[in-house]
Amino acid sequence: INLKKQSKILIISHQYLPHVSPRTTRWKLIIEELTNRGHEVTLLTGTYPDFENKNINVLYFGNKNNLNIVSNLREKSKRAESKKLRTKFFYSLLKKIYRFFIKFVAWPDYSMFWIYQIFKNRNNITTDYDVIISVSLPFSSHVVAYIINKKKKKHWIMDIGDPFSLKIDAPENNRLLYSGLNNHYEKKFYSLANTILFTHKNALESHKKYFKIPSKKLVVANPISNFDKNLFEKSLVYDYSLKPIKISYFGIFTKGVRSPNSFLNAVADNNIFEFSWYVNEDSERIIKSCDINENNHNFYSQVSREKAQELMVNSSHCLLSIGNKNPNQIPSKVVEYLATGKPIIHFTEIDDDPVISLSNEFDNLLTINKDNTEETLMTLQERLFQNIDDFDPDKFIKNFSAKSIVDNLDIV
């Protein structure tokens, strides 16, 4: 479809604001670009929208009290008085039961009950749209799009974040039970969709080969961020001669997918760096389980995207990224980092890490591995800090902005 006119677009994303994730950030920016071009956007979501929606229509189906059950149970456990051990044990047990259910029983993923809510309310969901776009993770967004678009058969765009069937570690569901079901529906949806977006070429090629997807359907739609000139100017005036060298990490770690262990082992004996970790509780535990000098490591709670951007440019010499162990996944935080113009260290776990090719495009992005970590980090001052003004904002905007995505979709 060639959308050279104002169109009605239905976007299906289980996750959306105020939930903070790479997908919600990505689609906030894309929706802003679409509405700025005059398109009428309706968002169907499972995230309770506790914000003002000025330019889009929001359809919400779900239970706002159960947005993140694990987080809610963890908070209730904390609030329980220490003497009430039974209460703390109860909440802890409920959390374990929920995680067991999601890991071994739920299909296609943790948001399976949202699909039921959509199916139950399907007659209350608009079918007055020209294009339908489904966003994963979670994969349930594509299931919902299939349910809604089955009779309508309008132009379907799938935006694929992380792999589903091809996810090697930390799978979305019980592969022993659901491997065949996963493959069946993922292949079916790819056959029905008109356009399929992948965040980098490696993921596109592996899915194309495995599911035999026609090339004409496939588009590389890079991770995106917004370039803010004011943030960039703050990066330029930061005093990079200050000691110790402050390195900050924003995000989470997941066992089997992304781990700090190899990087921390490589810098264990280095005392010229001070690390700030803006992570969740599980990630903090993973970091502290490594052999580290805790005097050189500061831990903070996760913060909003806007707060994180300010901290990146004002409080750090450089930003740290840890690569995934799967070449089909690219850490979107690398692009968020790039948008600030700050120096970036990306630690690769695998030889075919997709960020390596990205580092060839931007001089402020340095990739290292366990074999050259110490040697390379000692050259930071020379290789990164002295060339901070070489960052090319125009190249970034052309390739890693919402405008670049929408242009690829032929939507004006």
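Is His-200 buried or exposed? In this predicted model, His-200 has a relative accessible area of 6%. Buried means under 20%, so His-200 is buried. The residue sits in a loop, with strand E6 (195–198) on one side and helix H7 (201–211) on the other.

Two helices were examined as a pair. Helix H5 spans residues 140–152, and helix H6 spans residues 175–192. Their axes come within 11 Å. They cross at roughly 55 degrees. H5 and H6 are therefore oblique to each other. The crossing of H5 past H6 is left-handed. On the H5 side, the contact is made by His-142, Val-143 and Tyr-146. On the H6 side, Lys-188, Phe-189 and Leu-192 take part. Four of the residues in this contact are nonpolar, one is polar and one is charged.

A pair of strands was also described. Strand E9 covers residues 273–278 and pairs with E10. The pairing is parallel and runs over four bridges. Within it, Ser-276 stands opposite Asn-298 of E10. Strand E10 itself covers residues 297–300 and has two faces. His-297 and Phe-299 form the covered face. Asn-298 and Tyr-300 form the uncovered one.

Technical notes: Residues are numbered from 1 along each chain as its sequence is written. This is a predicted model: local features need pLDDT of at least 70, side-chain atom pairs count only at pLDDT 80 or more; totals for chains, interfaces and linings use all residues. Side-chain values use heavy atoms; hydrogens and water are left out. Axes are lines fitted to C-alpha atoms, for helices over the stretch in contact, and angles run from 0 to 180 degrees between N-to-C directions. Angles under 35 degrees count as roughly parallel, over 145 as roughly antiparallel, 65 to 115 as roughly perpendicular and the rest as oblique. A crossing is left-handed if the near helix is turned anticlockwise from the far one by less than a right angle, and right-handed if clockwise. Contact means heavy atoms within 4.5 Å. Ala, Val, Leu, Ile, Met, Phe, Trp, Tyr, Cys and Pro count as nonpolar, Asp, Glu, Lys and Arg as charged, and the others, Gly among them, as polar. Buried means under 20% relative accessible area, exposed over 50%, partly exposed in between (1.4 Å probe, protein chains only). Two strands pair if DSSP finds at least two bridges between them.
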